[in-house]
Amino acid sequence: MRESCLQQNVLVADLDPPRRARLVGACVSAFCMPRNPEVGRAIAACAAASPASVRAKELVESLEAYAVVESFVSAMGRRGRAVDVIADVACGHGLVGILLAYRFPRVAVVCCDLAERESYRAMVDAFRREGAKLDGWAAPLQNLEFVEGLLDGAAMRARLEGKRACVVALHACTEANGAAVDLAQSLGALWSLMPCCMRSDACAPAGCQLMCGRHDDSRHALLCGALAERHGAQLVAAID
C-alpha cells in the first residue's frame, strides 16, 4: 500500500502457490514454532478451506505478535508468575489466541469478541485437523473457549477473577486498548497490546494536541508511547 505498509486486503489464497508456501513457511519459521510444521499446515489448510479467513498482512502481524506474547508469558513463568488463563480480547479471527492455546495446552485460553467470526471457526477447525493433541484429548485446543460479548463484561470477568491471568489485545480499536488494560489491571493481571491504527487521539496525554497527519508513522509511535506511559508498561517492542 505504501513503502512501509502492506496492503491489508490481500488474501493468502490470492497468492500463487509458490508465494503462498513461502509466506506461510517463512512466518512459521521466523515468528512461530520452527519445530512444529503442523502449524504451517494448519494455516495453509485454513486458507484453502476458507479463503476469506486469512489475509497476508494479518497473518504476518499475528505471528509476530504471538512471538512477543509467547516470549513474555514464558519469561514471566520463569520468574514465578506463570499464568492460569490467557484472554485474547477483541480477538477477531483469533489466531493469536489459538496459537497461544496450542503453545500452552495446560493454560486455559479464552477468545472474546462481540460475535464469533467465520474466520475464527475456520482457524480452529484447521488446527484441530492438522495439530497435535495431548494424551487423553479427543482433538487439539481442548483448552480454548470463545465468549461472545464485551471484553470487560461479566462473562469475561467471571473467567479471569481469582486467576493468574494475562489479557492480550491485538488490533483492538483505540478505546478498546484502554478497556483491555483497565480490565487486566483491575484483576491484577498481566497484559499485552498491539494497538491498531489509532484513528483518534484518545490515547494522547490530556490537553496535548498532535500535529502529525493520520498517515504519519511517528503519530502511531507517539500514541503508543503515551499509552505505555499511562498504564506503566514494562516493555515496548516494535515489529516491522
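Tutor: A salt bridge is a side-chain nitrogen of Lys or Arg within 4 Å of a carboxyl oxygen of Asp or Glu, and with that cut-off in hand we can read this model, which is a predicted one.

Student: How many salt bridges does the structure hold, and how far apart are the closest N and O atoms of R164 and D84?

Tutor: The structure holds 8 salt bridges, and in the one formed by R164 with D84 the closest N and O atoms are 2.8 Å apart. R164 lies in the loop between helix 6 (154-160) and strand 4 (165-170), while D84 lies in the loop between helix 3 (56-78) and strand 1 (85-89), so the pair ties together parts that are 80 residues apart in sequence. As for cover, R164 counts as partly exposed at 47% relative accessibility, and D84 is partly exposed as well, with a relative accessible area of 29%.

Student: Which residue meets E145 in a salt bridge, and where do the two partners lie?

Tutor: The side chain of E145 meets that of R159, with 2.8 Å from N to O; E145 is in strand 3 and R159 in helix 6, 14 residues apart, and the pair links distant parts of the chain. E145 counts as partly exposed at 31% relative accessibility, and R159 is partly exposed with a relative accessible area of 28%. Salt bridges can also share partners, and here such bridges join E116, R121 and D125 into one network.

Student: Turning to rings, how many aromatic pairs does a search of the whole structure find?

Tutor: The search finds 2 aromatic pairs. Rings are counted as paired if their centres lie within 6.5 Å, and the angle between the planes then sets the class, with over 60 degrees read as edge-to-face. Y102 and F127 form an edge-to-face pair, 5.8 Å centre to centre with 70° between the planes. Y102 lies in helix 4 and F127 in helix 5 (residues 118-130), so this pair ties together parts that are 25 residues apart in sequence. Y120 and F146 form a tilted pair, 4.9 Å centre to centre with 50° between the planes. Here Y120 lies in helix 5 and F146 in strand 3 (residues 144-148), so the parts tied together are 26 residues apart in sequence.

Student: In which sense do strand 2 and strand 3 pair, and what is the handedness of the crossover between them?

Tutor: Strand 2 (residues 108-113) and strand 3 pair in the parallel sense over 5 bridges, and D113 has E148 as its bridge partner in strand 3. The chain crosses from strand 2 through helix 5 to strand 3, and this β-α-β crossover is right-handed.

Student: Which residues make the nonpolar surface patch of about 240 Å²?

Tutor: That patch is made by V68, L235 and I239. One of these, L235, is found in the segment after helix 8 (217-231), and L235 is exposed, with a relative accessible area of 59%.

Terms used:
Residues are numbered from 1 along each chain as its sequence is written. Side-chain values use heavy atoms; hydrogens and water are left out. Patches are made of residues with over 30% relative accessible area and no salt bridge: like charges are joined within 9 Å, nonpolar side chains (Val, Leu, Ile, Met, Phe, Trp, Tyr) within 5 Å. Accessible areas come from the Shrake-Rupley method with a 1.4 Å probe; for residues, only the protein chains shown count as cover. Helices (H or I, at least four residues) and strands (E, at least two) are DSSP runs, numbered from the N terminus. Buried means under 20% relative accessible area, exposed over 50%, partly exposed in between (1.4 Å probe, protein chains only). Rings of Phe, Tyr and Trp (its six-membered ring) pair if their centres lie within 6.5 Å; planes under 30 degrees apart count as stacked, over 60 as edge-to-face and the rest as tilted. Two strands pair if DSSP finds at least two bridges between them. A crossover is right-handed if, with the strands pointing away from the viewer, the path from the first strand over the helix to the second runs clockwise.
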